[in-house]
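Let's take a walk through this one, starting at the ligand and ending with the domains.

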Amino acid sequence: MKQYLIIGNGAAGLSAAEAIRQRDPQGRITIITNEPHLFYSRPGIAYLVLGEVSEKQLISRQASFYRENRLELLHAHVVELNLAQQTISLENGKRLAYDVLLLATGSTAVPASFPGGDLQGVLTFDTLNDAREVIKRGRKAKTAVVVGGGITALELAEGLRHQGAKTHLLQRGRRIWSRLFDEMESAIIEEQIRHEKIEIHYHENITEVVGKRGKVASVKLESGASLKCQVVGVAIGVRPNVGLVNGLPVNQDQGILVNPYLQSNVPTLFAAGDVAQVYDRWTQAYHLDILWPSAISEGRAAGHNMVEIANGRSPNLSYQKGTPFNAALLFGVHVTIMGRMGQQVDAGENVSHLSRGSSHVWTAPFTTRTQSAWDKKGPHSVRLVVANGRIVGALLMGNQALADPLRDLIEQEIDISEYEADLFRENGRLPEIILEIYQTKQSGE
Ligand SMILES: Cc1cc2nc3c(=O)[nH]c(=O)nc-3n(C[C@H](O)[C@H](O)[C@H](O)COP(=O)(O)OP(=O)(O)OC[C@H]3O[C@@H](n4cnc5c(N)ncnc54)[C@H](O)[C@@H]3O)c2cc1C
């Protein structure tokens, strides 16, 4: 009987376990997690703090699921890998052997680097337990300060505001999420943020969190100002959890480098999800995706190939990285981002870390000339990025009717050159033209 070990009970780890069980009914599958929960939707914690879903709704796999699929779930912290002996060590000293190992350890928020970052009330937003803290502390706090430029900072600010705390949002750049949004898109979200009565401070950052009896009491800001507060939310990006392979002969860059089979340079070691750096066919480079659907697809492919390796065969299911896609709800506005946006980054934006719900592919620089078409109707907007007669990226705000057609046109690399002149005409017909291209393509004309 083969022993499959999976470190991580998130989207990648669980999808891999399911794929293994489908292909190997006998094998022993052990999933290890250092969180005290069953499988839950990690992106869903942003909705939990808004009161839109309950904890019960987030936990989408019950104990019976693990039992029925004979998945052994171990709540423990893995501290060491021994690649030569094919064992892992747990914090409690126990060792477990494996035939094939999957690292699906996810990523963790970059911790606050300013003094006072370890005070009680300084929060990050990675886990269900973090969400519980946001709710608990947000309810008690009179004032909260959130720092960060990406999607998690916005979600954290919205979550704290929802608990009743007066909330300040600090942005290093001169507008909202300038790493991805253009001026007009930032302005749309900014209006919504102000509507929620969250105070935005541009070109601002925390230099120190000042504490009283071990708890947050105020923050000192770069401008010299200071704000009294009881909670500080830090969302300045995430780092893949690669610590377990540090010092081992495993190829890594920002994440663990894997081949199209999700296999590392060590044949019995696979990686999937946030921790894996995967080849991207559009940019022809290895990138991180901190995205839920990517974690699921990678996990499935990894699980399939782990069975091959365990049985002495070659891996044979290659993972084709799809168009990185995210649909989020920011301050009541539906936002969908897909493909390559190649957005210019404002001076002052921290570009070294990726925020949750993001992909490196979105902001990877282009080598070819691109053009952007933009259309806005009331609170709805759509922006396309076109290169070499193909739509390569799109960002939708508000109305989402074009999300699936655009995803398909990007994914299939459909030649739209005959429509290009029309798309850029700025006569408000852009949505219609996209639908026309999509329908023509579907009917096979
Ligand atoms: C607030 C928030 C909002 C998000 N929004 C979106 C979104 O809108 N769209 C989107 O696509 N994605 C979003 N994401 C990102 C998405 O959740 C992740 O990309 C996805 O969960 C990654 O799955 P994973 O399986 O790679 O890792 P994770 O889900 O992070 O799971 C990692 C697992 O590894 C375990 N682990 C790690 N180290 C050890 C160790 N040493 N020992 C034992 N266990 C260990 C952990 O316990 C955990 O079970 C969001 C994430 C957050 C937190």
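## Ground rules

This is a predicted model, so local features need pLDDT of at least 70 and side-chain atom pairs count only at pLDDT 80 or more, while totals for chains, interfaces and linings use all residues. Residues are numbered from 1 along each chain as its sequence is written, and side-chain values use heavy atoms, with hydrogens and water left out.

## Around the ligand

The ligand has 33 residues around it, and the ones that come nearest are Asn34, Arg42, Asp274, Trp292 and Asn326; being near takes a heavy atom within 4 Å. By type, the shell splits into 16 nonpolar, eleven polar and six charged residues. Here Ala, Val, Leu, Ile, Met, Phe, Trp, Tyr, Cys and Pro count as nonpolar, Asp, Glu, Lys and Arg as charged, and the others, Gly among them, as polar.

Now for the polar contacts (pairs of N or O atoms within 3.5 Å). Asn34 puts a side-chain N or O atom 2.6 Å from an oxygen atom of the ligand. For Thr33, a polar side-chain atom sits 2.9 Å from a ligand oxygen, and Leu291 uses a polar backbone atom, 3.2 Å from an oxygen of the ligand. The protein buries 94% of the 1000 Å² that the ligand exposes when taken alone (Shrake-Rupley areas, 1.4 Å probe). Helix 1 (11–23), strand 2 (28–33) and helix 8 (292–310) each give two or more residues to the shell, with helix 8 supplying the largest share, three residues. Helices (H or I, at least four residues) and strands (E, at least two) are DSSP runs, numbered from the N terminus.

Strands 18 and 20 (residues 276–280) run parallel and are joined by two bridges. Ile256 has Ala276 of strand 20 as its bridge partner.

## Domains

The domain assignment, automatic or from a database, gives domain 1 (3–106 + 239–310), domain 2 (122–234) and domain 3 (325–442). Domains 2 and 3 have C-alpha centres 28 Å apart. Their contact (heavy atoms within 4.5 Å) takes 27 residues from domain 2 and 34 residues from domain 3.

How values were computed. Polar contact = N/O pair within 3.5 Å; in protein donor to acceptor, adjacent residues only side chain to side chain. Pairing = 2+ DSSP bridges.
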